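Okay, thanks for coming, everyone. I'd like to walk you through one structure today, so let me put it up on the screen.

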Amino acid sequence: MTILIPILGDQLSHDLASLTGVDRADAVVLLMEVRDEARYVKHHKKKIALLFSAMRHFAEELREAGWTVDYVPLDAAGNTGSFSGEVGRALARHGASAVRVVEAGEWRVQAMLDGWAAQLGVPVEILPDDRFMCSKADFAEWAAARKRLVMEDFYREMRKRTGLLMSFGKPIGTRWNFDADNRKVPPRGLNTPGVATFEPDAITSEVLALVAAEFPDHFGELEPFRFAVTRAQALLALDHFIAHALPRFGDYQDAIVEGQAHLWHAALSPYINCGLLRAREVVEAAVRAHAEGAAPLNAVEGFVRQIIGWREYIRGIYWHAGPEYAESNALDATRDLPAFYWTAETDMRCIAQSVDQVRHEAYNHHIQRLMILGNFAMLAGVEPAQVEEWYLIVYADAYEWVELPNVHGMSQFADGGLLGSKPYAGGGAYINRMSDHCGRCRYNVKLKTGPEACPFNALYWDFLARHRDLLKDNSRLWRMYDGWDRLGPARQKETRASAAAFLDGLPGGAREWAR
C-alpha cells in the first residue's frame, strides 16, 4: 500500500508528524506550488520566493534522506493550481490508497483537508501539528477555566509547563515579565548587528525568475533577496542572533532607527512559521545563552515571551475563537485603507518609512506594526478587514492564524477586548520617544492641532472621544479620559475639527490595488 504524504508550504520540518512512523519504501511525499495559495491575496514577492525556494530545497533534502518525493512546480504541465487538485492527481499518478497529512494552519485550508476523504475517495489521516508547544486541546482547556483570556496569564502557565526560565517553580529573577526594562532609546551612532543574510544559489535564482515572471503585479521588491531557504541556513541565522543581537535585544526592542530595519531583532519568524526552525529550539537557545552568561535576563525573557507567550497564545485564540472572530467590528470602523499603505507617499515620515521598509524587506518589527501602521489605521477608523488583508499581504512571516488575531484584536481592537485589555492607541509623543522619525518629518510633533501638527496627536484624542461610550469604563483608560475632559470644550472642538480636516484629505483607492 502506497501512502501519499502532502506537505504544505508552512510544514517544512524534517520531524513533521506525518513523516514519523512511516516506512519510506511505502510512501510518496508530495510538495506543490499552487496558484490558489500564491494568489488568494497578492502576497509580497519575497514571501512567495522564500516559500517556493525553501520548498524546493526541502524536497532535495528529503530525497537525500531516502524519501520518494513528487514535486510539482508552479509552471508544471497540468498543474491544477490547487491543493485538492494536485493531491488528486498525485493519488492517480502513484496509485496511492491513503493520504497522511498534518493539520493545516488556518481555517480555509483545514476545510479543504477535511473534505479530502469524501472528494478523493481514499482514507485521509489528519495528524495534529506537534510543532507548537500548546495543543489546540490544551489551549481550549485553559480558556474554558477563565472569564478573560489574558495573555500574561497564559504566558505564566506556559513558563510553568515548559520549565523555561524557571527554578523550583519560581521565575528566575523573581519576576515573570521584564517588559518595563525594555523600552530604551539607542544612543546615536550605536552599531547594530543586523541579521544573517544569504546569497541566492541556483535553485533560489530559478525561483526568483519564476516569481518575477508570474507575479509582477504583487506587492514588494523581489531583489535583493537574502533570506535563509534551508534549515542549515536558518540555524546559522539563529546562531547569529544569539551571539550578536540577543544581548541587547531587550533594552532596545521597542526602538525604531531610520536605515536600520532589524536593529537587534531576530527576524526568525519567517523561518519558524514555515517550519525551518522549531519554536522550542529557538527559545531553548536563548535560555541557554542566559544560563551561560552570554545574554541578560531582560533580553532573554522578552524574547521567550514573544514566542511561548504571544505566538502560542495567538495561535490558540485563532482556533478557539473560530471563523466568526473575523466578522466582529467593535469600533464600527468603515474607512478605506489609505493608498499610502501601498505607495509610502505621505508626509507622515513614520508611516512612509515603515511602508518603504516593508516594501523592500517584507519586514517591520512589532512596534512599527503595532504603534505606527496599526495605530494609525485604528485611529483613522479603517475597516478591520482591509487592514488585516494588508498585513497578510506584506509580511514574509504572515499566515492567517498569526496575522488575524494580532491585527483584529491587538492592533485594531475590532474584537472589543477579547484579546487586548485596551486599544493600543498612541499620539505623536510615543513615536517621537521611540524613534528618530519626528525630527525629520514635515509635521511638528509638538503641535497638537492645525495643518502643521503631527496628525497622530489630534487623531488620538478624536479616537477617544468617538468611542467614549464603549471605552469610558476601561480601567486602563481613565487617565486618558481625565486628560481629555481637562482640555475643555473649546480645545476639544478644535482638536476634533483638526482630526476631521486631516481625515477628509486622506487618499483612497487602496482596496482596488489589493485585488
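By buried I mean under 20% relative accessible area; exposed is over 50%, and partly exposed is in between, with a 1.4 Å probe and protein chains only.

Some housekeeping before I go on. This is a predicted model, so local features need pLDDT of at least 70 and side-chain atom pairs count only at pLDDT 80 or more, while totals for chains, interfaces and linings use all residues. Residues are numbered from 1 along each chain as its sequence is written, and side-chain values use heavy atoms, with hydrogens and water left out.

Back to Glu33. You'll find Glu33 in the loop between strand E2 (27-32) and helix H1 (35-39). Those labels are DSSP runs numbered from the N terminus: helices are H or I with at least four residues, strands are E with at least two.

So what does Glu33 touch, if we don't count residues up to four places away in sequence? The list is Phe52, Met55, Arg56, Tyr71, Val72, Pro73, Leu74, Asn79 and Leu210. Contact here means heavy atoms within 4.5 Å.

With Arg56, Glu33 forms a salt bridge, and the closest N and O atoms are 2.7 Å apart. Arg56 sits in helix H2 (residues 45-64) and Glu33 in the loop between E2 and H1, so this pair ties together parts that are 23 residues apart in sequence. Arg56 is buried too, at 11% relative accessible area.

For the record, a salt bridge means a side-chain nitrogen of Lys or Arg within 4 Å of a carboxyl oxygen of Asp or Glu. How many salt bridges does a search of the whole structure find? It finds 36.

Let me pick out a couple of others. Asp217 and Lys42 form one, with 3.6 Å between the closest N and O atoms. Asp217 is in the loop between helix H7 (202-214) and helix H8 (231-252), and Lys42 is in the loop between H1 and H2, so that pair ties together parts 175 residues apart in sequence. Asp217 counts as partly exposed at 36% relative accessibility, whereas Lys42 counts as buried at 14%.

Then there's Arg161 with Asp138, at 3.4 Å, N to O. That one links helix H6 (residues 151-162), where Arg161 is, to helix H5 (residues 136-144), where Asp138 is, and the two residues are 23 apart. Arg161 is partly exposed at 39%, and Asp138 is partly exposed at 31%. There's also a network of salt bridges linking Glu258, Arg349, Asp436 and Arg440.

Now for the nonpolar side of things. In soluble globular proteins, nonpolar side chains tend to be buried together. A nonpolar core, as I use it, is a set of buried Ala, Val, Leu, Ile, Met, Phe, Trp, Tyr and Cys residues joined through side-chain atoms within 4.5 Å. The largest one here has 162 residues, and Leu31, Leu246, Phe376 and Trp390 touch the most other members. Helix H11 (residues 297-321) gives the most to this core, with 13 residues. A second, separate core has 19 residues, including Met32, Val34, Ala90 and Leu113.

Which peptide bond is cis, with omega near 0 degrees? The one from Glu223 to Pro224, and Pro224 is in the loop between H7 and H8.

Two residues other than glycine have a positive phi that I'd like to show you: Thr174, near 70 degrees, and Phe413, near 55 degrees. Thr174 is in the loop between E7 and H7 and is exposed, at 72% relative accessible area. Phe413 is in the loop between helix H16 (400-411) and helix H17 (428-434), and counts as buried at 3%.
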